[in-house]
Amino acid sequence: MSNTSIINSTDDQYEAVVTTHGLLMYIAWCVSPFIGIYSARYLKDKWGHNWYRAHAAVMGVLTGVLTLAGFILIVLYFPPPHFPDDTLLHSAHTRIGLSLVILMVLQIILGFFSNFKFDTDRTSVPLWDKLHWWLGRGVFLLGVVNVYLGIEFYEEDYDSIPLMWFMYWSALVIGVGALIYGEATNGKVTHGKVDPANQFCDSPNLAMLKELFLTLLIVPLTLVLTYIYLRKRNLGELNEITTASVAYDHEAFGHILNWDQHCFYLRGKPLWVIATLLLAEGVYIFEDDRDVEYLFQLCEELELFVLCAPGPYICAETQGGGISCVIPGHPSWLIAKRHIRIRHSLISFFRLFDQEYSNYCQEWFRNILPIIQRHQVTTKPRGCVLAVQIENETFELIFGLIPLGLSDDMRVLAKCARDLGITVPLFTNDAWEAGSFIAYPEGKKIFGKDHFGIDLYGFDKYSIFAPVSSPKAALLGIPPEKSIWEEWDIKEFKASLDTIEQTVRGYGGGAAQSPLLIPELQGGWFNHHTVKSGYDTTYNYYGKKYTRLILDTVLSQGVTAFNLYMFYGGTNWGTVGDPDVYTSYDYSACIREYGLYCSKGRHVRLVISFVRSFAAEFSRTECQDITIRAPFTITSSVDDYIAKQRRTIGLLKIYFIFFRNLNLKKPTASTITVHRNNREPLQLKSKLPFKQSFIGIADYKTKSGLHLILATIPIYTRIFTKTDQEIWIVQCDDEINGQLAFYGKVECTGNIEPITLVEGDATIISLKKSSGSCKVTDGKGGSLVIVALTGYNLETLYPVFTEPYWGTFDTTVAAVFWGCHQFEFIIKDRILEVDAFENDKSVYGISGIDEFKNFSPTDKFGTEYVVEHKLNEIKAEDIELAHHLPVLEFTRSRTLDFNKVPWQKLELAKGKTYPVKNAIDFCFTSGHVLYKLEFNLTSVPAAPLTFDINMRHQCALYINNKSFGGHLTYSLSLFRPGGKSGPDFGRLYGWESYDLHPADLVRGKNEIICIVESLGMGRQPGPSNDIRTPRGIIDAKIKGIKDIKWYISGVDVRKTKNPFNMSGIPLDNQPDWVDLEKPLKNILPSNILVPTWFDGKFTVSTKKDLIAPLRLIVRGTNMAYIFINGIFIARYYGSIGPQNSFYIPCDMYNETNIIRVMTYSTEHQHQSGNLELSFNLWKIEDQDNAVTSGNLNETGRTFILYSQTLKVQ
């Protein structure tokens, strides 16, 4: 047979033929069968004999004729062989197609035969009727599947057309929905007299359920086909960019940076990655506070490594997912281009690769990555950049099932990074363990398509949400807040963390062969507008040991690379924040917003101190199943008291025991048993409060030969002096205590009053006092010094570590200090910077390098290795200066004149009451946007007019320059008007009505002015497509008035250098100030209804060695935007809350300072609005013999630190 088609055609003609064939089959099998089935199953009683005419016409003519036409068309134009086996897809589609044609003809014949044999008096359903029903259902399902295969086949030869898939899935969804509706409202209608006993089931109800189930078999089939389609589509087409082509070059750079499944290696030595996160089109600004180059230089000077996350998406708590031109994200000018799919998102949970969006992402990379490239450890001898993150929480599969992230997106970004000289490893992250974009060096195919992966797999870990942010609160709203701040749930905590290693290693590939990496590990939680509780409540909910508990737990899972989010939360200056958050981003973090290193952070530092002290041993471990009796096993008499036991890999076996008391009965003590091979079990005591943890060490030999069996007290720091004396700093106080057991007979003496007890082949040591020291010796040269610290001394423990990479020392611990609030030791200069509270009197230390100069021996800790330096006495004038508070004095003001506002006319949608464009289209996206609605009255009505408005988020309304109302449309819940995240269905809800009273109206032209403040733009997190959720007025109308002219005004952020440092109101910086008759001190006038600016000043007595950050306290019902020395430092929302104390950093103010306040009131904030501003210092909780939480307490300690510099060598 000749290999030519019956009718010759060109390629263009053939594409048209294939498209026509597909359209005919689509109508024949995805549209008409639903109509035919519906008429036959549900319309017999309603249509009488007409149901059959409709059924025969649809199935016989539409399905039959169109199928034959499509079949003949493709056979005529397609060259033989007509049923090739070149691909499985091709073979399946053509063979199923031939089968369909044959079965369809038989089905039509059977249908006519059944009708011919129909008897109205029959008492049973004949065989040919049943055969017609079931053959029809089977052929229908086969037809749906083959149309799916046909579209897949088409995509192999031609570009994908989304419309095809949209039509396919729409038809199935509508058709299935119609069948469900018919079953629910009508049920199956059987023609003729039929005895129920002769039906398929004895029970009519059961028969109906069975029929429904069988009819709706299309539903799971549809879901399966949907998954296959989305999964294949998301795997992408850019197969020339492979995992290997953008992989880290181990051959070229492995001698500098490498890794295995346990940890990273920097120049051959194990490296713990312990990180903390501190937060116009074509124009990218990298200067002043955006000087990224300087940031890297500073990190290199301070000997800090950097994990870089340049985006394009990086942070869900900032507008648009990041700060334009500073930190990656989505600037307003890009969002305003509505044809562009931001993050490739077409709708929520559905992404479609957008080349133009990808081009903009690459443009951003071309500007930021060359800066990063210059500071890589692989390209600069003392570079600081260890790895670069690509994208953020983009999910290849959500919940392991729903395809979301696009492989082509990751391919393009990864290749772009490599092309721009990024040679360090690339990594990405899931919001939880989901197995996205894992690299499989051996290659991997899914549904016949190449899988793409990134060098390192990362995943975020947020275990317990704050109650105001929980999924339950998002769906159902927040219940009364006093009822929700209960204890966090132990089961939820364990479920989130205790299977990390098993889950991630189970993904295989890079996830099994690289270190466990957590780019975001929970360090607190953020807070929201409108809630009554602040960050102090959040802090108390988690407690000061929560972050330490998380950290200990992930370490028990073998994690050796993690980044705490946040270690310092900081401040959302200006309008940076998204609708989720307000000015403060304190996060109840380790370092509070105003700079206090709180007790939570101190306990995290103790864990890090242990990890880094034993870095070489602790970096390569494997999990040991404590339920199986091994040669060396530790067990507890109390359940849920030990989380894991790990041991080092190699000849030297050291065990790490992860003590964690999560027993729901809340015991505080346990008996710990050491099971040793061929030896008697050894029992030690342990005291550990509920919801607390520490890492114990076992089977460890000191450098001098002492052999520790187990310590049930925490060892936080290991130091070696110049004489190789090993020193441990431990805790053994009323909170956490226990014992130490050594092999053989040892002696222990010291002022900590140790008690020794010989048990078989071991000596058990108990430490009676919580502060002091002791020395352990074995009479054979073995020697160990133990220093016990507690309370404030323990929490201020400051270890200084060195990394050989920086070329300074080969030691691990250079020194430790304690006794003052905070330290900074500059090793190369031997300078110790001390920031002390007024009652901090001495610095204590132990050196691992040389003897400290300016330090003296002390007997307070009972060992010669601890030395002391007494701080200079703080002068009385310094104390007085620190407590001197500035007074605000406002001398001039200016009020917004609506007549001077530069208005732009808005075009309304055809036949609608709302405008075509909203604030986003004009890039009025920072703070406020103004609207003017003009309408004419031939006469003033006798009754009020009704004005309906729908806007986001907060508005103030004026009719003919007179205030008549305002409201807030904002919600913490999903699917609610003004929802902080997720879909907002705009005009469907969120309306508010107002009366326009006759007394406020005039004959002729009337003007309604609406000032709308946005709490921030959407941010497009994860699967959500909310970045273009409308801002400003969505719709407005006046009952009975049709001719309304709309105008808009605002500040186009594309024309500003800093789009977040302004109110968004035009004329913000106009010079038309008016001097006040009398200066105002702290309190501004009441009844300020129209935006008014007040300009003032204040003086601060400053001193270089004084750290006393100011707290601006704002009270009153007015809202306010507050600027100090030109920097937007506060957004205050009066009764909305919750924030009324604002942080003013010391380096933000000078001796003489300018303050500017923009304020106004709306009715929902009360017409008698007022505003009072005053300065104070941060008054915080004062806790005896412990570092404070940092929570506010107006009668507590004042946060003032006095700095001193010591030259220690």
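Select strand β19, residues 642–648, in this predicted model. Strands are DSSP runs of E of at least two residues, and helices are runs of H or I of at least four, numbered from the N terminus. Five of the seven residues of β19 are buried, so the strand is largely enclosed by the rest of the structure. Buried means under 20% relative accessible area, exposed means over 50%, and partly exposed lies in between (1.4 Å probe, protein chains only).

Pick T621 and look across to T648 in β19, which stands opposite.

Now show strand β20, residues 655–660, which pairs with β19 in the antiparallel sense over five bridges. Here R646 faces F656 in β20 as its opposite residue. Six residues lie between the strands of this hairpin, and G650 takes a positive phi near 135°.

Move on to the open sheet of six strands, ordered β41-β49-β42-β47-β44-β45, with antiparallel pairing. Its edge strands are β41 (904–906) and β45 (962–968), each pairing on one side only. Neighbouring strands in this sheet are turned by 25° against each other on average, direction ignored.

Finish at strand β44, residues 954–959, joined to β45 by six bridges in an antiparallel run. Select Q954: its bridge partner in β45 is L968.

Residues are numbered from 1 along each chain as its sequence is written. In this predicted model, local features need pLDDT of at least 70, side-chain atom pairs count only at pLDDT 80 or more, and totals for chains, interfaces and linings use all residues, while side-chain values use heavy atoms, without hydrogens and water.

Methods:
Two strands pair if DSSP finds at least two bridges between them. Axes are lines fitted to C-alpha atoms, for helices over the stretch in contact, and angles run from 0 to 180 degrees between N-to-C directions.
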